[in-house]
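Reader: I am new to this structure. Could you take me through the terms used for it, one at a time?

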Protein chains: 2
Amino acid sequence: MAKNPSWILKSYATGMPSPDNWVLEDLSMPEVGDGELLIKTMWLSVDPYMRGRISPAKNYAAGIPLGGLMTGGGIGEVVVSNSPDFQQGDVVISDYFGWQAFTTVPVASAKIVDTKQAPVQAALSYLGMPGLTAYFSLLKTGAAKEGETVLISAASGAVGQIAGQIARIKGFDPVAIAGTDAKVEWCKELGYRTGINHRTSTDLVADVAAACPNGVDVFLDNTAGPIHDAAMLNLNTFGRVAVVGTIALADKFDQPDVGLRHLRQTLITRARIEGFLLDDFEADYDAALVDLSSWYEQGVLQTREDVAQGIEAAPYAFVRMLKGENFGKQLVEL
Amino acid sequence: MAKNPSWILKSYATGMPSPDNWVLEDLSMPEVGDGELLIKTMWLSVDPYMRGRISPAKNYAAGIPLGGLMTGGGIGEVVVSNSPDFQQGDVVISDYFGWQAFTTVPVASAKIVDTKQAPVQAALSYLGMPGLTAYFSLLKTGAAKEGETVLISAASGAVGQIAGQIARIKGFDPVAIAGTDAKVEWCKELGYRTGINHRTSTDLVADVAAACPNGVDVFLDNTAGPIHDAAMLNLNTFGRVAVVGTIALADKFDQPDVGLRHLRQTLITRARIEGFLLDDFEADYDAALVDLSSWYEQGVLQTREDVAQGIEAAPYAFVRMLKGENFGKQLVEL
């Protein structure tokens with residue numbers, strides 16, 4: 001095996017990404033610049049938002065240049081610190097891990113992970129970006145209230161599995177949309193009242209109507225596509241749609257998304273469709289993490305991981321997550 | 001001419017309505033029931049929302065049954081009152097005027113018009129539904145702030161002409177989209193900074209970008225259709241879209257609206273698309289009317305009417321308004 005196996009972006013994906021969009025190169029140990037840490041990678045996170053990073057299309061953050069090191073969220077152990085705030089041996093999380101065995105991250109992006117509170121990789125799932133996304137999209141953007149029906153797509157995924165459980169804890173009425181019967185069954189175990197397998201449904205609009213007899217008050221949209229349409233056509237007056245992710249567009253990311261437009265439905269229901277980006281809620285992360293970790297400690301919040309092994313697995317894990325072949329939060333363990 | 005010429009809905013419109021969807025019948029003088037007023041019609045208002053009333057599609061209010069009397073907003077003089085609150089000779093406004101020379105309206109729907117404050121028909125334009133719609137959609141749903149760029153479609157129409165002037169009065173930066181060069185020029189006279197003729201534009205996305213060099217903060221969408229797309233593709237981070245009307249769908253009202261879906265754009269900008277219905281703001285009508293009438297008295301709010309003459313003209317006036325052939329608030333004077 002190479003000294004520092006590292007995944008380099010070779011081509012932008014058109015349609016569904018494939019592991020061929022990257023090439024595994026043997027790089028030397030990174031030089032540690034000012035304001036950087038050298039890290040031995042322990043965990044990498046692959047998440048839907050990273051689809052936008054390997055596209056030349058305009059996005060909310062800059063993409064990765066061709067020939068550049070692929071980056072994403074990760075956890076690892078500090079090997080060399082150029083900062084008084086971090087010591088060798090500290091376990092840190094950052095959104096700027098390279099997909100490599102040894103990597104550098106900007107000190108400003110790194111936070112120490114409390115290794116006693118929970119398994120360290122929890123900082124990449126329910127105590128991290130997906131958990132916080134579920135928390136704020138449901139409670140702030142979606143503004144769900146007790147008794148309201150909350151429809152959640154990609155319901156067993158990293159965000160959906162947490163959102164459904166928060167909905168149950170808060171006394172909302174959560175309904176799952178997922179891509180296999182096994183995922184739907186697991187969602188019910190988590191506390192979703194019922195669920196729909198969108199891959200076997202022959203009439204998603206009718207199936208959402210049947211699963212939500214009081215209509216949909218809040219839709220947490222992790223997918224876009226036809227699932228969005230089925231939710232919109234069942235939306236209640238003053239309904240709220242939080243646009244959290246668009247994973248159904250993963251294979252047509254650089255094309256305009258053409259389909260039903262729901263402006264008239266929006267007018268009729270006076271519904272609100274609102275885009276969600278976690279960064280906007282940074283001031284409230286700490287309070288949310290207190291809730292999430294106490295629910296976990298109380299045993300009312302479960303989490304499921306789907307772990308691929310080794311740096312070699314990274315692009316494969318990413319692509320299977322985009323295709324919905326994972327079951328639970330997709331991670332790569334080194 | 002007939003004793004009480006009345007327009008009866010003969011068929012639901014498929015595509016663009018035509019005067020043939022109604023038939024003019026000679027009805028006898030209406031019987032005045034309990035809780036009703038008999039009114040001699042002076043003015044009828046034709047408004048885009050009425051397209052939804054002549055369709056079997058689901059809407060926010062019930063449609064008019066085939067064979068039923070066409071109804072809409074109007075102003076007239078009380079001939080017979082079955083209520084102590086109204087006397088013969090009072091001039092009243094109601095949303096439930098029949099399209100007929102003499103009509104009955106429910107007492108609960110009627111309000112006395114102050115005939116000294118302004119021309120009576122102002123209660124159907126800047127002091128009524130269109131003016132209030134402009135006021136609340138811009139200031140509440142759109143939540144425009146000083147200095148922000150406000151893009152307004154159907155900008156010279158009943159709602160748009162008032163919204164653009166409120167935007168100017170409040171120190172926003174209003175930009176018009178209208179359907180003729182003459183309308184665009186008049187919008188500039190009203191105080192819109194600039195404007196776009198969407199019928200002659202060959203690249204509406206680029207033209208909106210050029211007219212809004214700081215991007216679009218608030219879009220008052222009176223049209224839907226390609227104008228909506230052009231606005232969405234120029235929307236700023238945290239932009240707001242108030243879906244006020246969908247007149248561009250007037251000729252395809254009963255078909256699903258297919259086109260660009262802007263979920264990813266919503267996510268990237270964290271924009272909010274929200275449906276608007278005036279009724280939701282009823283508690284604040286009085287305060288808004290104080291503003292609107294004082295602006296008019298100060299001479300900073302102008303209004304333009306397009307008046308058709310006679311009950312015979314009602315469906316023709318309605319259809320020309322739907323086609324954008326009117327210039328200013330379309331009224332029918334009896």
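Predicted model: local features only at pLDDT ≥ 70, side-chain atom pairs only at ≥ 80, totals over all residues.

Reader: Why is B:Ala224 called buried?

Author: The cut-off is 20 or more other C-beta atoms within 10 Å. B:Ala224 has 24, so B:Ala224 counts as buried.

Reader: Where is B:Ala224 found, and what is its phi?

Author: B:Ala224 is in the loop between strand S11 (216-221) and helix H5 (226-232) of chain B. Its phi is near 65 degrees, a positive value in a residue other than glycine.

Reader: How do you know whether B:Ala154 is buried or exposed?

Author: Count again. Buried takes 20 or more neighbours. B:Ala154 has 27 C-beta neighbours inside 10 Å, so B:Ala154 counts as buried.

Reader: What makes a set of residues a nonpolar core?

Author: Its members are buried residues of listed nonpolar kinds, joined through C-beta atoms within 7 Å. The largest such core has 201 residues. A:Leu138 is among those with the most contacts inside it. A:Leu138 touches residues including A:Ala144, A:Val150 and A:Leu220, leaving aside those up to four places away in sequence.

Reader: How do you know how the two copies are related?

Author: A rotation of 180 degrees, with 0.0 Å of shift along its axis, superposes chain B on chain A. The RMSD is 0.0 Å. The two copies are thus related as by a two-fold rotation axis. The same surface serves both copies, as 100% of the contact residues of chain B recur in chain A.

Reader: Which residues and elements make up the contact?

Author: Chain B gives 28 residues and chain A gives 28 residues. On the side of chain B, strand S13 (258-260), helix H6 (263-269) and strand S14 (272-275) each give two or more. H6(B) gives the most, with 6 residues. By class, that side of chain B has 14 nonpolar, 7 polar and 7 charged residues.

Reader: Why are S13 of chain A and S13(B) called paired?

Author: Pairing needs at least two bridges. Here 3 bridges join S13 of chain A to S13(B), so the strands pair. They run antiparallel. A:Val258 stands opposite B:Leu260 in S13(B).

Terms used:
Residues numbered from 1 in each chain as written. Chains lettered and ligands numbered in written order. Least-squares fit on C-alpha atoms with pLDDT ≥ 70 in both. Contact = placed C-beta atoms within 7 Å. Buried ≥ 20, exposed ≤ 12 C-beta atoms within 10 Å, placed from the backbone. Helix = DSSP H or I, 4+ residues; strand = E, 2+ residues; numbered from the N terminus. Nonpolar A, V, L, I, M, F, W, Y, C, P; charged D, E, K, R; others polar.
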